[in-house]
Amino acid sequence: MRLTLFTLICCCTLNLSAQTKPAIKKFTRADTLRGTLTPERTWWDVQRYELAFEPNFIAKTISGANEIAYKVVKANNGNIKMQIDLQEPLVIDSVLYNGKRKLSFEKKESVWLITVPAQKIAEFNKVKIFYQGKVHQAVRAPWDGGFIFGVDSLKRPYMTVACQGLGASIWYPNKDHQSDEPNKGASLTMTVPDSLVAIGNGRLVSKKVNGNGTATYKYNVVNPISNYCIIPYIGKYVNFNETYKGEKGPLSVNYWVLDYNLNKAKAYMPDQVHKMFKALEHWFGPYPFYEDGYQLIDASHTGMEHQSAVSYGNKYKFGYGGRDASGYGWGLKFDFIIIHESGHEWFGNNLTTNDLADMWVHEGFTNYSETLFVDYHFGETAGNEYNYGIRKGIRNDKPIIPAYNVNAQGSGDMYPKGGNLLHSIRHGLNNDAKFRAILRGLNSRFYHQTVTSAQVENYISTQAKFNYSKVFDQYLRTTQIPTFRFFLEDGKVSYQYQDCVDGFNMPLVLKYGKVLLKLLPTTTLQTLPLKPEQLDLFIPSAIEKMYYMNVKNSKD
């Protein structure tokens, strides 16, 4: 895939050349073990992670333990093992059951299988998994993923992790499947050199200076959280904070920046964060994690949507590192990373997909949050131009939704094509009050839940009172760009859809000023008489700016 602004942003790990046709992925047994809800995964439900670790900056190793509290949801007579994911080169040293009993375990292919005692349904138990070793290091974070042992501009240690797609099991043991978030949150305890500061998700619980050159920091979140969002930040950080008056009440906001960035961060970050909350709470509903607060944290990579601890590396510049994704200038009116990565708090963190294959729900809606931000602050025309402008990043190289149950990730088109799909639906609906209610409804109906694309698609159709199933099929499951063909003759318009799936039926509302026309094209040619003032609505370039499709004025 071409490395555009759209594919080099935050959570995308694709890295294909524009001139190279994507190879057909051959899935392995490891892909299946990682992506499938195996019997060894489905008998237990994660309730909480208590993760503690210590990095060694010199040796590039880590050591620690993760205590997993879980609920038995299917009775296990001891004949089914527990699957734990921990990727090489890290190894498990020992496993402790309910704080007392050591359990045996084995590594089988790409996973670790723990032999557990018999357990009854509805029981609550714990396993504490001790692990250590060399850790997989990211080379081009966040796109390739892994632990990051870096240095800041003054050559001081600067450590973090980016692991979406690759998986949190690249640095700690867990059930590495998006469908099972810890219901009761997680804690992250970090022991680091006492000259550095450690930050985690949520709120600081404690800091202890150990007297041996190290200090231990503990952070806690009370809300469910995706495995890949539990992330440490370690470096020469300083803090400033505020209370933001949000839709749901007072929200604690913390800014953690490298010490030499403090003055410019104070002048820069709050303005963008306030504008982000104004726009996105309006469209999506209240920020989903008031209990855990919101943090914006300097990072050594461009940025990631780590829940309640958003990483920031956009060089304190508007656009994406000073570049405009739209080509219309609107992308230089805001800091792309602050808006986009914070948008994931609603789509990606609040509403999380069960399978990586449905990642468009994270990326398409969050891509569209940029358009909604522009629309809110700069007006409808600006939003339309921004959305149309980013369309140039769509390649249609492969479907947005790939195979399920193998930890597969679809085309990077999930970003701009997903955003253009939503913008097309919005134009066809022609009712922003209803569209806004749908977006807010998704975040309330599926609050703190994992979902499927099908659930999201069905919710939109139900609330809009229109069956968009074929529209979703067209844009998510094929690479075809539909064509709207029309021709004008004797005061009438004849029109139909071509180059599309059977049953494609995207509603079209054409408007200019007070002139409006509603159409429901299908693959069957239809003819409609027009009023004289409606003839000027059929300008292909104008229609294409509202809807992601080819528009052709032709009898052929």
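Axes here are lines fitted to C-alpha atoms, for helices over the stretch in contact, and the angles between them run from 0 to 180 degrees between N-to-C directions. The structure described is a predicted model, and two of its features are considered in turn.

**A helix pair**

In this sense of the term, the axes of helix α5 (residues 360–378) and helix α7 (residues 416–429) come within 7 Å and cross at roughly 60 degrees. The two helices are therefore oblique to each other, and the crossing of α5 and α7 is right-handed. On the α5 side, the residues in contact are Trp360, Gly364, Phe365, Asn367, Tyr368, Thr371, Leu372 and Asp375, and they meet Pro416, Gly418, Gly419, Leu421, Leu422, His423 and Arg426 in α7. Sorted by class, this contact between α5 and α7 holds seven nonpolar, six polar and two charged residues.

Strands of a sheet pair through backbone hydrogen bonds, either parallel or antiparallel. In the present case three strands form an open sheet in the order β3-β7-β6, and their pairing is antiparallel. The edge strands, each of which pairs on one side only, are β3 and β6, and neighbouring strands of this sheet are turned by 30 degrees against each other on average, with direction ignored.

| Strand | Residues |
|---|---|
| β3 | residues 82–84 |
| β7 | residues 111–114 |
| β6 | residues 105–108 |

Between β3 and β7 the antiparallel pairing extends over three bridges, and Met82 has Ile114 in β7 as its bridge partner.

Key
Residues numbered from 1 in each chain as written. Predicted model: local features only at pLDDT ≥ 70, side-chain atom pairs only at ≥ 80, totals over all residues. Heavy atoms only, no water. Helix = DSSP H or I, 4+ residues; strand = E, 2+ residues; numbered from the N terminus. Parallel < 35°, antiparallel > 145°, perpendicular 65-115°, else oblique. Left-handed = near helix turned anticlockwise from the far one by under 90°. Contact = heavy atoms within 4.5 Å. Nonpolar A, V, L, I, M, F, W, Y, C, P; charged D, E, K, R; others polar. Pairing = 2+ DSSP bridges.
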